[in-house]
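Here is a short briefing for a first look at this structure.

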2 protein chains.
Amino acid sequence: MSHEGIIEYLNQYITLNEEEKETVRKNSVVKEFPKGTMLLRQGEVAQESFMVLKGLIRVYHTRDGNEKTTDIFTEYHPFTPASYVTKTPSEVSIVCEEDCVLFLESMEKTQELFNSVPRLVEIGHLISSDLMAKQQVQYMDFKNLSPLERYQKLLETRPELVHRVKQYHLASYLGVKPETLSRIRKKISIHPGIS
Amino acid sequence: MSHEGIIEYLNQYITLNEEEKETVRKNSVVKEFPKGTMLLRQGEVAQESFMVLKGLIRVYHTRDGNEKTTDIFTEYHPFTPASYVTKTPSEVSIVCEEDCVLFLESMEKTQELFNSVPRLVEIGHLISSDLMAKQQVQYMDFKNLSPLERYQKLLETRPELVHRVKQYHLASYLGVKPETLSRIRKKISIHPGIS
C-alpha cells in the first residue's frame, strides 16, 4: 500500500506504464519510524531526502539552547533538506513527531531509478521546480504577511496542523511567541472574519 | 560574449562538448534591458525565468501601497519566479535596477534544448535542486537570524549589494526599517567585531 503512495504521487506529474511502476516499486525505500526518531541532526550531512506517506515530521534549528521550528510536513509532502543538495552540514534537525511511514530518497537509488526509467529524470526536474516554487512562496509569506495573516493562511491551507502539532511548535513555525498565538486564536474565535 | 556566460554557468554542472555548446548558444535568448524595465508585474503569470549576466534585478511585493523587497539578484544569479512554475498570477514584480543583460528561459526554448541535448535534462534537475536549497537557506536565515546577523551575513556573502542597492530597498530586503539599518551600520562601523 505504501509503495502505491509513491506511484500516486508521481502520477500527478507523469503517467507511468506497468513496467515503470514495477521498477519504481522495486527501487523505492519505504520505512516505518516510531515517534521521536531523529531523522537528521543539525551539523550532520543529510544522506536522504524524505516524503511523508503517513505521520508528521518537524524541522527545527537550535541555537544557544533555543529551538525554532522552520518546517512541518505531513502526508504527501516531500522534503529535501538543503544539506542533501549542498553536501554541507545541515542547519536543521528533523524529528518524527508521530509514528511515521516515509519514502526515503538517496542519490544512489535515484540514479538507479533514472537509469532504469529515464523519463523519471524529467519528473525529477518538475518536482524540484515545484519544491523551489513552494519554498519561495513560503519565504515570501513569512516576510510579507502579519502573524495574524500567517495563522489565517495556515487555517485555510493546512488546518490539520492546529490539532496535530504542539502549540509552542506551531507558534515557533509562525514566527511568534506562544502568548501571541493564543491571543490570535482568541481574537479569531471571537471575530471569525477579522483580517 | 554573453552566450559564453551561460556555457560557463552550465559548466559548473556538466562539461559540454563543442556540438552541445553550439546548440546551447543557438537556443539561448540573451537580451539587454535598460534600467527601469519591468520584467514581470504582480498579478501577471510569468512566462520566463531569468539569469542575470550583467546588472541587477529586484523582486518586490506591493500591498496597500507598501512595497517590500523580497529578492535581489546580480551577475550569475538565476531567478525562477514561483509563478513560472505554478502558472498562477505572480505575487511579485521584477524590475531592472541597473542596465541589464539577461538570459531568458521559456518553457518552449527549454523543451527544445532538452530535446536536442538530452543530457541537459539532468542539469535542469541539478539546477532546480540547487535553487531549492538556496531558497530554503534564505528562508531559514530570515527566520532564524537577528537583523544585525542578517546584515553581517550580507556583508560576508554579497558585499556588493551595499553599494549597488538603494538603502531603503536593502533595509526592506533585510526585513527592517531604514532607520534600523542605519543604526546597524553605525554600530558595525564603531565595533566591527560585534555579533
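**Two domains in chain A**

In this predicted model, the C-alpha centres of domain 1 of chain A and domain 2 of chain A lie 26 Å apart. Domain 1 of chain A spans residues 2–144, and domain 2 of chain A spans 145–195.

**Where the domains of chain A touch**

- Domain 1 of chain A puts nine residues into the contact, and domain 2 of chain A puts in 11.
- On the domain 1 side, strand E5 (66–73) and helix H5 (119–144) of chain A each supply at least two residues.
- That side of domain 1 of chain A is made up of three nonpolar, three polar and three charged residues.

**Where chain B touches chain A**

- Chain B gives 29 residues to the contact, and chain A gives 29 residues.
- On the side of chain B, the elements that give two or more residues are strand E4 (57–63), strand E5 (66–73), helix H3 (82–86) and helix H5 (119–144) of chain B.
- H5(B) gives the most to this side, with 19 residues.
- By type, the side of chain B that touches chain A holds 10 nonpolar, 13 polar and six charged residues.

**One residue: B:Arg164**

- B:Arg164 sits in helix H7 of chain B, which covers residues 161–164.
- B:Arg164 counts as partly exposed because it has 15 C-beta neighbours inside 10 Å. The buried class starts at 20 or more, and the exposed class takes 12 or fewer.
- B:Arg164 and B:Tyr84 are 80 residues apart along the chain, and their C-alpha atoms are separated by 27 Å.

Notes:
Residues numbered from 1 in each chain as written. Chains lettered and ligands numbered in written order. Predicted model: local features only at pLDDT ≥ 70, side-chain atom pairs only at ≥ 80, totals over all residues. Contact = placed C-beta atoms within 7 Å. Helix = DSSP H or I, 4+ residues; strand = E, 2+ residues; numbered from the N terminus. Nonpolar A, V, L, I, M, F, W, Y, C, P; charged D, E, K, R; others polar. Domains from an automatic or database assignment.
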